[in-house]
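Trainee: I would like to learn how to read the features of a model such as this one. Where do we begin?

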Amino acid sequence: MSQARVEALTGTTPAETHESAAPRADIYGPIHKALRRYFGHVMLATGSVDVHDDAELQATCALVEEMLGVLRGHLRHENDFLHAAVEARAPGSSARTAADHKEHEEAIAALASDVAILRTALPATRQRLADRLYRHVALFVAENLEHMHVEETALTQQLWASYSDAELHAIHDALVASLAPAEHEWTLRWMLPSINASERAGMLMGMRAGMPADAFAGVLQAARGLLEPRDWDKLAKALGSATH
C-alpha cells in the first residue's frame, strides 16, 4: 500500500500515527490480529472448496456463515463499547467507522444470501456460485482490512487523546466481560496463535491473575494445542515452570 493510500485511509501522515513514546493501551490490535488470521482461513477454504463433495461444500458454507456471525458480534461490541467511548468525549469522532459498520452489516446480509443460494444449488450451477461467493468473501475481507487499519490508527489516536490507559483497560475489561462463552472460545482459538510472544505472555498472565487455578489450567491445555512448539516454549518460560 502506498504512502498516499495510507494517508487517505487515516487522514493523518505516518509520522503522526507513529508511537515513539512508551506504548499505550491497545484495544484494537490483538483482536484484529485474530480476525486477520481468521479471515485468511475462511477465504482460502472458500476458494478451494470442492463443489462436487456435498459434505465439504456444506461445511464451507457453514464456515462462511460462522464468519458472518463472528463479524456481527464484533461490530456490536465495537459499537457498544469503543464507539460509545469515543463519542462520549469527542462527539462525531467515530462517524467514519460507524458508517463503515453500517456498510459491513449490509455486506454481511448479502453474503448470507450468497451462501443460502449456494447451499441448495443444482450441481451444474455450484461452481459458478461458489466462485461468486469466493470473490465476494475476498472483497469483504479487503474492506475489513482497510477498516481495521483506520481503527488501529485514527480511531486509536482519538481514544488515546480522550482516555488514560487505566480507563482504556476498564473499557476493554467491560467488553471482555460481555462476551458469551462461545465468543471467549473463538477469541482464544484465533488470538493466541496470532499475537506475538510478549502479547501472548501478557494476555495469559492477566488471565492467570483473574481465574481459578483449574480454569486457567484448562486455558493452558488449550494454548498448548494451538501454539507451535517454539511459541509454547516461549510462553511456558514467561509464565514459569508450573506450565510444564
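**Reading the salt bridges**

Mentor: We begin with a charged pair: Arg24 and Asp165 form a salt bridge, with 2.6 Å between the closest N and O atoms. This pair links distant parts of the chain, since Arg24 sits in the loop between H2 and H3 and Asp165 in helix H7 (residues 165–177), 141 residues apart. Keep in mind that the model is predicted.

Trainee: What is the general idea behind such a pair?

Mentor: Side chains of opposite charge can pair when their charged atoms come close. In this structure there are 8 salt bridges.

Trainee: Is Arg24 buried, partly exposed or exposed?

Mentor: Burial is read from relative accessible area: under 20% is buried and over 50% is exposed. Arg24 has 26%, so the residue is partly exposed. Asp165, at 25%, is also partly exposed.

Trainee: Which residue forms a salt bridge with Arg36?

Mentor: The partner is Glu152, and the closest N and O atoms are 3.0 Å apart. Arg36 belongs to helix H3 and Glu152 to helix H6 (residues 123–162), 116 residues apart. Another bridge joins Arg119 and Glu65, at 2.8 Å from N to O.

**Reading the surface and the interior**

Trainee: Where is Pro23, and is the residue buried or exposed?

Mentor: Pro23 is in the loop between helix H2 (14–17) and helix H3 (28–48). Its relative accessibility is 73%, so Pro23 counts as exposed. The C-alpha atoms of Pro23 and Asp165 are 9.9 Å apart, although 142 residues separate the two along the chain.

Trainee: Which residues form the negative surface patch?

Mentor: They are Glu103, Glu105, Glu106 and Glu143. Helix H5 (residues 95–119) gives the most, with 3 residues. Glu105 lies in that helix and, at 43% relative accessible area, is partly exposed.

Trainee: Is His77 buried or exposed?

Mentor: His77, in helix H4 (residues 54–89), has a relative accessible area of 10% and is therefore buried. Beyond its neighbours within four places in sequence, His77 is in contact with Leu82, Leu175, Ser178, Leu179 and Glu183.

**Reading the whole**

Trainee: How many helices and strands are there in the protein?

Mentor: The protein has 11 helices and 0 strands. Of its 244 residues, 39% are buried. For contacts between residues at least 6 apart in sequence, 73% join residues at least 24 apart.

Notes: Residues numbered from 1 in each chain as written. Predicted model: local features only at pLDDT ≥ 70, side-chain atom pairs only at ≥ 80, totals over all residues. Heavy atoms only, no water. Helix = DSSP H or I, 4+ residues; strand = E, 2+ residues; numbered from the N terminus. Buried < 20%, exposed > 50% of the residue type's maximum accessible area, 1.4 Å probe, protein only. Contact = heavy atoms within 4.5 Å. Patch = residues over 30% accessible without salt bridge, like charges linked within 9 Å, V, L, I, M, F, W, Y side chains within 5 Å. Areas by Shrake-Rupley, 256 points an atom, 1.4 Å probe, with all protein chains shown as cover. Salt bridge = Lys/Arg side-chain N within 4 Å of Asp/Glu carboxyl O. Lys, Arg positive; Asp, Glu negative; His and termini not counted. Charge placed at Lys NZ, Arg CZ, Asp CG, Glu CD.
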